[in-house]
Amino acid sequence: AVSQPYWLRTPPNGGLSAVSDRADLGQPENRPTAVARFELSIAGERVTFTLPVAHRWTDPVQGERWRLLEIAPPGTMRFESAFQLFADASARAVSVTVQAQRAGLTGELRLDVPEGWQVSPATVPVALDLAGREQVVTFRITPGSTSGIARAVLRTADGREWAQGMQRIDYPHVPVQSLFPAAELKLVRTALTLRAPRIGYLAGSGDPIAEALRQMGAQVTELSDEDVATGDLSRFETIVTGVRAYNTRPRLRVLQPRLLDWVARGGRLVVQYVTTADGPVEGLGPFPFRVSRDRVTREDAAITFRLPTHPLVREPNVLTDQDFTGWVQERGLYFANPWDARYDAVLGSHDPGEPSREGGLLYAAHGRGAFVYCGYALFRQIPAGVEGGWRLLANLASGAREPRP
């Protein structure tokens, strides 16, 4: 069988993993794929022991390294993106890269899509002569009426089918490991409008928000610290910061006054969550607020629309309770607490037995523009294909209606 951590062999359900072999339960890692058995005779006594089959080598920088034997599929697939938005009935081009894990890989690739969706062409031949070689295949997908998942399936010349991607985990302090998750694409079928054609993005520790905004139709420009310090920000309707941007890019805190000045002239600044690991976080908005450790860990915790007619939940997309169903892992984290009365606290939520956490989404008008702080975990909902997360993001990023200066 293809190597895979035993707790990932079947898809988790609600944070729980099903384990088919009880002998695996509690083990920190898989049992070795193959072992070698040694029998020694020492002073007339027989001594038997086993060792896992592994490869050891010397890295000129890291020294001795090793990895266990892994069983890979003959070919692995990866999509260009983990998700694809279908805001209307138009077909979209989707690219899949097939990588040979052995020499002489031949077969055909297809996409399995939900009922009501269509794919063209039905299959594409694959032929790769050497291990490691890649072939890019493009399909056109016409959406159905509901969201779902597309899966890439490789049928090899021997008639077997494979539907795995590959993720390599390679750090100096742990052995090299490979994961072979399902090669899947989240198909997000939801009507939404984004009112911000030009968006600047300040990447943080890594999230998929910039790509999601591009799929909504925005022209997204990733900004450096120097762009914030001296660049022309007036070309953007909205600027969005990535998760933990102010933790991973400390210079942004120094440059925050320039961003707030741009807001006052008519822009919208959307700040995603910031952690307090480096100490208290203040001074991000036009008025005082502090990032706290408040969070809502239950992904199905009830949501209260504290300001049901507020533009963040009404424009350009009208949000309802339905937009907060199907969330994954959590509602949000590092909510604001306390905050100045000039902020609108738009939503409320809480875990069982805890008080209402209302600092997850703050809004303040500032001059001709607006500032938004969002602790809700959009960075988890977007790649999971949660429709409401996409619609909420579109509302947060949609710029103010005032004419540009």
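Strand S4 and strand S15 (177-179) each contribute at least two residues to the lining of the second largest pocket, where helices (H or I, at least four residues) and strands (E, at least two) are DSSP runs numbered from the N terminus. A pocket here is an open set of points, on a 1 Å grid over the protein atoms alone, where a 1.4 Å probe fits, with protein on both sides within 12 Å along at least five of seven lines; lining residues have an atom within 4 Å of a point. S15 gives the largest share of this lining, three residues. The second largest pocket holds about 550 Å³ of space, a volume being the space filled by probe spheres set on grid points that are joined across faces, edges and corners. Of its 27 lining residues, Ser3, Asn30, Arg31, Thr33 and Leu68 lie nearest the centre.

The model is predicted: local features need pLDDT of at least 70 and side-chain atom pairs count only at pLDDT 80 or more, while totals for chains, interfaces and linings use all residues. Residues are numbered from 1 along each chain as its sequence is written, and side-chain values use heavy atoms, with hydrogens and water left out.

Leu68 also has a place in a strand pair, as the bridge partner in S4 of Ala54. Strand S3 (residues 54-59) and S4 (residues 63-68) run antiparallel and are joined by six bridges; two strands pair if DSSP finds at least two bridges between them.

The largest pocket has a volume of about 1,400 Å³. Its lining counts 39 residues, with Pro11, Pro12, Pro181, Glu184 and Lys186 nearest the centre. Helix H6 (378-384) supplies at least two lining residues, as do strands S5 (75-79), S12 (148-156) and S16 (184-189); the largest share, four residues, comes from H6.

Turning to the sheet, seven strands form an open arrangement in the order S18-S17-S19-S20-S27-S26-S24, with mixed pairing. Strand S18 (219-222) and strand S24 (344-345) are at the edges with a single partner strand each, so one side of each has no neighbour in the sheet. Inside this order, S20 (residues 268-272) pairs with S27 (residues 369-374) in the parallel sense over five bridges, and Val270 has Val372 as its bridge partner in S27. Helix H7 (residues 387-397) lies across S17, S19, S20, S26 and S27, running at about 140° to S20; axes are lines fitted to C-alpha atoms, for helices over the stretch in contact, with angles from 0 to 180 degrees between N-to-C directions, and contact means heavy atoms within 4.5 Å.
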